[in-house]
Amino acid sequence: MKFEAITKTLDFGDGREITLETGRLARQANGSIFLSMGKTRLLATVVSAKTAREGVDFLPLSVDYQEKFASVGRVPGSFLRREGRLSDYEVLICRIVDRTLRPLFPSDYHADTQVMIQLMSSDDNVMPDCLVALAASAAITITDIPFEGPISAVRVGRVDGKFVVNPFRDEMENSDVDLMVAGTAADINMVEGEMDGISEQEMIEALKVAHDYIKKQCAAQLELCEQIGGRPEAREYNHEDNDADLAAKVEADMYQKLYDIGTVPTDKNERAVAFEAAYTEYTESLGEEFMEENGHLVKKYFGKTKKNAIRNMVLETRKRLDGRSLDDVRQIWTEVNPLPVPHGSALFTRGETQSITTVTLGSKLDEQLLDSPNLSGYSKFMLHYNFPAFSVGESRPNRGPGRREIGHGNLALRGLKRMLPEDVGYTVRIVSDILESNGSSSMATVCAGSMALMDAGIQVKAGLSGVAMGMISDPETGKYAILTDILGDEDHLGDMDFKVVGNENGIYACQMDMKVDGLSYEVLEEALMQAKDGRMHVLHEMEKTISKPNEDLKPHTPRLVKFQVEKDKIGAIIGSGGKVIQDLQEKTNTTITIDEVDGYGVVEILSADKDGLDEAKRIIDGICEDPEVGKVYEGVVKGIMDFGAFIEFLPGKQGLLHISEIKWERLETMEGVFEDGEEVKVKLLDIDQKTGKFKLSRKVLLEKPEGYVEPQRKPRGNNDRRGNDRRRDNRGRDNRGRDNRRDNRNRDNRGPRGEGNRNEGNDQQAES
């Protein structure tokens, strides 16, 4: 049976045609979309339960994006030879889609909802991540699931000064902007990316270009709905109990008290205690019986009242929960090298947020292996972000990094990697351990990471800082407040979380999540300019501790030497079965790697032992050096014979130092002249072109003794006559040999005709 597919093609006239198809695949899902662009195929499905689980007061939304190895014609490299847990790259795409979709579901919709997007076929030149949100949104939009979309997301690059939407992979190689932007036809609600120091005005321009395409893609999804008979009516649901009278009562009873608590500047713990005490006092006043029946509603309305009170307090007083004005940054103190053994370390504290960050420098062997369908190879720069429970005063088991940790670490990595020099050479690993958290620990990671790189002696291009911005707004009155360096409570109560990483040269990374509609570009530009002031203040505070990289690495940091050798020398350096390079590493206490790149061998030597590193470099240089006649070498005695000594004048290359070439004076014997392993300076006199043997001399490097007379050679004529006589003698012997062979053949004759021969042989024996 063949099912009819309904398709909608998006063609914007730029060669990036996208087709949305439904009705043919995954028909038992609530909604499914098969997206095509070039040879890329994405399958997006969505399923949402008809009812909510009891006691669930949030949206249990899961978004999973997975790239199939078959999509690029590969077998997975894992032991099981099948797709495993999501890679960090896939998790980051999941986060982008989740953060874009989640605000568009009704706040009272609590049914389990799963969105799955699978890469089924991959075009080498099409980057699928910028298509995932479009496919997911289209799959939801054609269903009856309550959803205030559609939404879409696009990538914006800038090639030769011109912004390009959803650029091809080869175009991104020359782009100085890599920005993912998502939103509805009305507003932008998610931004994430990296760039090479663009200005705030250029950032706004990029967002405008992206939003124009988002509007067109949202319209196309609605047109697809029309093709299938119109967008379905949203399903009916009731996932919350509500009591309007009780909500009004809690608001009236507690609004002013909570407002007043917010006006008293306190730290995080004191504030939590004050709000908890107010809640306990109020619930006790309502009575135990009332709370047994309505406790869950009282708790919900208390939280809403608290949110309204604090938001209004900030808008009206222009002061914040900790007493700061809107654009104030919390107190900062910093320290470098708090840990003596890591190659670089820094401690960054801003208010109640603290990160201790380390830098470790490694060799090529320490590179991270990337093995996914669209990301294969190695990474020389890693940043790992850890958020233990104690940092927020909680107790829970460690289960490894979650999606939040991966996302926060990636944001810091995107900014800091732009500061690394081109020739850093090392594999660099940064680890940020959050020791305290009350707002924007990812930006603390950026600051601590920048300082730790400087402490490690990495010659970064410039210092880098980050700041998290928030916003509180009232659509009815039009009032809004942009907050610099937000607290955790302000993040929870606010309408925007906008993190900006940069320095005086511009913006290098950013991440924004909007929780309300209607953010104008004018307000966004104001937030960006306020963020610039904030990050520059933070950077100046950091510079009081360290303003430029240390001139040298720390004494215990391994040194790295990197150089090229001829391709045909690689085998000699490695040796049979790796014996040469392994013995060399053991002898010199170094780590050595060699790879072929662009027709050359690239050798890296890493060691904290400078003498060992220099020795390894000298030996490899020697292995690669071609012996040069007339050049002087420092050699080592490898063997002593009666007629001279064998000298290793280059690694793996030995020549004969004849007894006559050791001194000007005549030596009768080699006894006591040299010892095995003794160093001796020699000059290469000649290379035998047929045998490849090397002739060495030591005496030519010594001064001739006074009155030295060259020994006279004997005339060659006599030698020639003796030689002729010997040759004549040899010929005579050869003739006798032939006669003997002739006699033997006679003796060996057999048969009737050989009787006489045998008799002659017997007679000869008798005569003998």
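Glu-625 sits in the loop between helix H14 and strand E25 (632–641), where helices (H or I, at least four residues) and strands (E, at least two) are DSSP runs numbered from the N terminus. This is a predicted model, in which local features need pLDDT of at least 70 and side-chain atom pairs count only at pLDDT 80 or more, while totals for chains, interfaces and linings use all residues. Residues are numbered from 1 along each chain as its sequence is written, and side-chain values use heavy atoms, with hydrogens and water left out.

**Around Glu-625**
- Glu-625 is partly exposed, at 22% relative accessible area; buried means under 20%, exposed over 50%, and partly exposed in between (1.4 Å probe, protein chains only).
- Leaving aside residues up to four places away in sequence, Glu-625 touches Lys-631, Tyr-633, Leu-650 and Lys-653; contact here means heavy atoms within 4.5 Å.
- Glu-625 and Leu-650 are 25 residues apart along the chain, and their C-alpha atoms are separated by 7.8 Å.

- Strands of a sheet pair through backbone hydrogen bonds, either parallel or antiparallel.
- Here three strands make an open sheet in the order E22-E24-E23, with antiparallel pairing; two strands pair if DSSP finds at least two bridges between them.
- Strands E22 (559–566) and E23 (591–597) are the edges, each pairing on one side only.
- On average, neighbouring strands of this sheet are turned by 20° against each other, direction ignored.
- Seven bridges join E23 to strand E24 (residues 600–607) in the antiparallel sense, and Asp-595 stands opposite Val-602 in E24.
- Helix H14 (residues 610–624) lies across E22, E23 and E24, running at about 0° to E22; axes are lines fitted to C-alpha atoms, for helices over the stretch in contact, and angles run from 0 to 180 degrees between N-to-C directions.

- Five strands form another open sheet, ordered E11-E12-E13-E17-E16, and its pairing is mixed.
- Its edge strands are E11 (332–336) and E16 (381–386), each with pairing on one side only.
- From one strand to the next, the twist averages 15°.
- E16 pairs with strand E17 (residues 427–436) in the parallel sense over six bridges, and Tyr-385 has Ser-432 in E17 as its bridge partner.
- Helix H8 (residues 403–416) packs on this sheet, touching E16 and E17, and its direction makes about 140° with that of E16.
- Helix H9 (residues 441–455) lies across E11, E12 (344–350), E13 (353–362), E16 and E17, running at about 145° to E12.

**Where H2 meets H4**
- The axes of helix H2 (residues 132–141) and helix H4 (residues 200–227) come within 10 Å and cross at roughly 35°.
- On the H2 side are Leu-134, Ser-137, Ala-138 and Thr-141, meeting Gln-217, Gln-221, Leu-222 and Cys-225 in H4.

**Ser-32 in strand E3**
- Ser-32 belongs to strand E3 (residues 31–37) and is buried, with a relative accessible area of 7%.
- A polar atom of the Ser-32 side chain lies 3.4 Å from the backbone oxygen of Ala-26.
- Not counting residues up to four places away in sequence, Ser-32 touches several residues, among them Glu-21, Thr-45, Ala-139 and Ile-142.

Technical notes: Polar contact = N/O pair within 3.5 Å; in protein donor to acceptor, adjacent residues only side chain to side chain.
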